[in-house]
Amino acid sequence: MKKRQVVIKQRKNSYTTTSSSSKVRYVECQKNHAANIDGYAVDGCREFMASGSEGTNDALTCAACGCHRNFHRREVETEVVCAYSPPD
């Protein structure tokens with residue numbers, strides 16, 4: 001997946017309103033379980049599922065594979081909305 005970068009330049013006397021929101025998902029686990037024997041093996045976990053509620057240490061552990069959230073590939077979806085009001 002290609003990373004996208006959105007750059008919006010805004011002038012001070014502009015009539016444009018912009019807002020952006022981003023949604024972060026953690027998808028397949030990329031932890032190498034065979035690193036200690038110079039191999040490569042992943043467990044096949046396809047998506048991060050938190051073990052506990054938000055704000056606890058268990059929220060950073062995957063319920064499916066037991067790995068930390070950092071082992072899962074991070075996917076960011078960004079949405080930029082621009083509204084233009086022509087001058088009167």
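Six residues make up the largest nonpolar core here: Tyr26, Cys29, Cys45, Phe48, Cys62 and Cys67. Keep in mind as you look around that this is a predicted model. In soluble globular proteins, nonpolar side chains tend to be buried together.

Leaving aside residues up to four places away in sequence, cysteine 45 touches Glu28, Cys29, Cys62, Ala64, Cys65 and His72.

## The overall layout

Let's step back to the whole chain. The protein has 2 strands and 0 helices. Strand 1 covers residues 16–29, and strand 2 covers residues 72–84.

How much of the protein counts as buried? Of its 88 residues, 12% do. The exposed surface comes to about 7600 Å², and 46% of that is supplied by carbon and sulfur atoms. Among contacts with a separation of 6 or more, 51% are between residues 24 or more positions apart.

## Salt bridges between the strands

Side chains of opposite charge can pair when their charged atoms come close. This structure holds 3 salt bridges. In one of them, glutamate 75 pairs with arginine 25, with the closest N and O atoms 3.6 Å apart. Because glutamate 75 sits in strand 2 and arginine 25 in strand 1, this pair ties together parts of the chain that are 50 residues apart in sequence.

Another salt bridge joins the side chains of glutamate 28 and arginine 73, at 2.8 Å from N to O. This one also links distant parts of the chain, with glutamate 28 in strand 1 and arginine 73 in strand 2, 45 residues apart.

Which residues end up in one network? Through shared partners, the salt bridges join Arg25, Glu28, Arg73 and Glu75. Within that group, arginine 73 is partly exposed, with a relative accessible area of 27%.

Valine 80 is another strand 2 residue worth a look. Its relative accessibility is 31%, so valine 80 counts as partly exposed. Where does serine 22 come in? The C-alpha atoms of valine 80 and serine 22 are separated by 8.7 Å, although the two residues are 58 residues apart along the chain.

Most residues other than glycine have a negative phi. Aspartate 38 has a positive phi of about 60°, although it is not a glycine. You will find aspartate 38 in the loop between strand 1 and strand 2. Is aspartate 38 buried or exposed? Its relative accessibility is 78%, which is over the 50% cut-off, so aspartate 38 counts as exposed.

Methods. Residues are numbered from 1 along each chain as its sequence is written. This is a predicted model: local features need pLDDT of at least 70, side-chain atom pairs count only at pLDDT 80 or more; totals for chains, interfaces and linings use all residues. Side-chain values use heavy atoms; hydrogens and water are left out. A salt bridge is a side-chain nitrogen of Lys or Arg within 4 Å of a carboxyl oxygen of Asp or Glu. Helices (H or I, at least four residues) and strands (E, at least two) are DSSP runs, numbered from the N terminus. Buried means under 20% relative accessible area, exposed over 50%, partly exposed in between (1.4 Å probe, protein chains only). A nonpolar core is a set of buried Ala, Val, Leu, Ile, Met, Phe, Trp, Tyr and Cys residues joined through side-chain atoms within 4.5 Å. Contact means heavy atoms within 4.5 Å. Accessible areas come from the Shrake-Rupley method with a 1.4 Å probe; for residues, only the protein chains shown count as cover.
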